[in-house]
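Q: I have a structure open and would like to go through it piece by piece. Can we start?

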Amino acid sequence: MTVPRQSAAPDENFRPPEDRRHMIRRRWLTAIIIVLLVGVPAGYLVVSAEQSRDSGRDKEAESSASGLRDTWPSQMKRRVFGVPIPPKSKGVAYYETSNWKTSRLFVQFRTTSAGLDLFLEGVGINRAALKNGEITIGGRDADTVGWKFPPSRDWAGASHTQKDPLPSQDITVDMTRTDRPKVYVVSTTTP
């Protein structure tokens, strides 16, 4: 009986045993890959959840506010309501109300004479539209945020009405100090 001869060619499936250094390196690389595949998304979820929680707190504080907030409305609010507050305005405060029918943004700020012109131009009117002695913000709106318009001041006002869904603004300006007019705006949108 003859025994088949094994070929002298090396076995293609044969791998030499792994040395210890190579094994440790491979395990570290595997551990790093697992940490990256699991840790990065988990870290992202934690950061995202924290940002979402902070955003919710901000929105809750804003919606529970019952009067003017001494800060600038967001740029998005200013754009949606058509209230282009001039740069370097002082004493900026706002309040927003919303219901299923209309949304209103109440804004007040003090600016310069040039800032007033810039604001009026941004709204879509000019200074000639302001009527001396006119207070265009109604009593109900003024009471909502506690605005008072005493007759001892020099008032000028204009109403800028646009077709829905564009915002319409009632603007009243305290012109007592012509170099530093104080602007009161109620902008209304209908979704």
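Q: Which helix does leucine 36 lie in?
A: This is a predicted model. In it, leucine 36 lies in helix α1, residues 20-64.

Q: What sort of surface patch is leucine 36 part of?
A: A nonpolar one of about 510 Å². Ile24, Trp28, Ile32 and Val40 make that patch together with Leu36.

Q: Now the inside. How many residues are in the largest nonpolar core?
A: There are 21 residues in it. Val83, Leu116, Phe119, Ile171 and Val183 touch the most other members.

Q: Which elements supply at least two residues of this core?
A: They are β1 (90-98), β2 (103-110), α3 (113-123), β4 (155-160), β5 (168-174) and β6.

Q: And which gives the most?
A: That is α3, with four residues.

Q: What does leucine 116 touch, leaving out residues up to four places away in sequence?
A: Its contacts are Thr111, Arg127, Leu130, Val173, Met175, Pro181 and Val183.

Q: What is in the second, separate core?
A: That core has 10 residues, including Ile137, Phe149, Trp155 and Val186.

Q: Buried or exposed?
A: Serine 187 counts as buried because its relative accessibility is 0%, and the cut-off for buried is under 20%.

Q: What does its side chain reach at 2.4 Å?
A: The side chain of serine 187 reaches the backbone oxygen of phenylalanine 81.

Q: Which residues does serine 187 touch, again not counting those up to four places away in sequence?
A: Among them are Phe81, Val83, Ser103, Arg104 and Pro167.

Technical notes
Residues numbered from 1 in each chain as written. Predicted model: local features only at pLDDT ≥ 70, side-chain atom pairs only at ≥ 80, totals over all residues. Heavy atoms only, no water. Buried < 20%, exposed > 50% of the residue type's maximum accessible area, 1.4 Å probe, protein only. Polar contact = N/O pair within 3.5 Å; in protein donor to acceptor, adjacent residues only side chain to side chain. Contact = heavy atoms within 4.5 Å. Core = buried A, V, L, I, M, F, W, Y, C linked by side-chain atoms within 4.5 Å. Patch = residues over 30% accessible without salt bridge, like charges linked within 9 Å, V, L, I, M, F, W, Y side chains within 5 Å. Areas by Shrake-Rupley, 256 points an atom, 1.4 Å probe, with all protein chains shown as cover. Salt bridge = Lys/Arg side-chain N within 4 Å of Asp/Glu carboxyl O.
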